[in-house]
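Hello,

Please find the structure below, as promised. My notes on the ligands follow it.

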Amino acid sequence: MNIIIAPFVYIDGVFKKDVAVIFDDIIHDIVPAEEIPNIYHDAEIISLDSHCVLYPGFINSHVHLEFSSNTMTLDYGAFIPWLESVMSNRDVLAKKSDEKVMKNALKEMLQSGITTIGAISSFGGDLNVCAKTSQRVVYFNEVVGSNEAIVDVLFDSFNERFEASRKYNSERFQASVAIHSPYSVHPKLLKKAIDLAKKYKTPLSAHLLESRSEREWLDENSGGFRVFFEKLFGIKESVSDLKDFLEAFNQYPTLFVHATQIEKGELQILKDSHHFIAHCPRSNRLLGEERLKIEALEGIRYSLATDGKSSNWSLNIFDELRAALMLHSHLDLHQLSSALIRSITSNPAEALGLNCGIIAKEKFADFCVVELKDTPQKLEDIALWTILHVQNAKKVYIQGEQCV
Ligand code: MCF
Ligand code: FE
């Protein structure tokens, strides 16, 4: 048994002073530091320094490891040119994103305290590193394809990847299903993929309403996607109706990614079905898109995520937190800081059905210890000081084992 004695601990969305957390692979007890029960006299004691804060391990709910080699290859600034640059450079980028590059990406996340990732896999090239890493992985096999004539072929190849990943299912790894987007997945393929997620009760995720072009295409068959689809596939009309797309997820809580163009009616649908939103502010900014209006989410919970290096310059969660803090500049600074900490802990844990993301009895002993610059004057300031002053974790534990 181990005991971490911390001057500050993040519990139930607030910071508590002088707390002892007793754990092996899971958390057994949480007590005031001066009241550690005698039965634990043999336990190893880890006393944290006076400026340290104990958090649950952070969760990055949306990342594309297979594009980790990108730095200056893809076109930033507008969505369609970016997508075109992905199409023409995918093979090169995927090849360059070898195991070493992806391992470094995982390490960058781990060092910033990320103990769980939602990894979107386009080709399965990241399966090995994800199966071997010490982090918890929700491995999202992504399905894509809008051509009705080859739905079965597309599904079979997706299902093959899904089956290959299912072999690695464990306490730390879960083979799951991701839908690329409403504009790129045929309704028949969508149904088959969602049925698979339901059959195996896996987490489910989908990019949704990421760009203005997507909105125009789905609403009116116009805009940048009209040119894109006509040129590429000779298609003049969207294969999906947005409402039907969302209804296909009815009653199966899903993590919808981006949603920068979401409107009231769609928010209501997400709310009614208890869905979640993943918020990737730096990715949205770099692809020339608007801000997700987190103040208008009507109670829908969101998780902050980095997206991949295909649309970001780092996978460090503190970089993402700071970007979000600056982006939503009209929101109260302290309330936003607290909400952002929730968005990388308890919210994504619920969205992905994980037994971590909070410090509570019976949860996995996944922790991130950060060191502040000084002793905080007020407990309410700790979220803000963490976001402003931390670049990397001081210590990281996954399932009770120290990895950083
Ligand atoms: O989340 C970002 C932007 N939105 C959509 N897709 C991707 C992102 N980063 C990488 N992608 C991948 C996606 O998984 O790009 C491809 C897919 O493989 C585009 S569609 C063929
Ligand atoms: Fe993405």
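In this predicted model, an N or O atom in the side chain of Ser310 is 3.1 Å from a nitrogen atom of ligand 1. That is a polar contact (a pair of N or O atoms within 3.5 Å). Oxygen atoms of ligand 1 also take part: one is 2.8 Å from an N or O atom in the side chain of Ser122, and a polar side-chain atom of His207 lies 3.0 Å from an oxygen atom of ligand 1. Taken alone, ligand 1 exposes 460 Å², of which the protein buries 96% (Shrake-Rupley method, 1.4 Å probe).

The shell around ligand 1 has 16 residues (each with a heavy atom within 4 Å). Among the closest are Ser122, Glu142 and Asp307. Helix H1 (residues 79-96) gives the most to this shell, with five residues; helices are DSSP runs of H or I of at least four residues, and strands are runs of E of at least two.

Now the metal. The iron ion (ligand 2) is coordinated by His62 (NE2), His64 (NE2), His207 (NE2) and Asp307 (OD), at 2.0 to 2.6 Å. Donors are N, O and S atoms within 2.8 Å of the metal (3.2 Å for Na, K and Ca), and water is not among the atoms, so sites may look incomplete. His62 lies in strand E6 (residues 58-63) and His207 in strand E10 (residues 204-208), so the pair ties together parts that are 145 residues apart in sequence.

Residues are numbered from 1 along each chain as its sequence is written, with chains lettered from A and ligands numbered from 1 in the order written. Local features need pLDDT of at least 70 and side-chain atom pairs count only at 80 or more, while totals for chains, interfaces and linings use all residues, and side-chain values use heavy atoms, without hydrogens and water.

Regards

Key: Polar contact = N/O pair within 3.5 Å; in protein donor to acceptor, adjacent residues only side chain to side chain.
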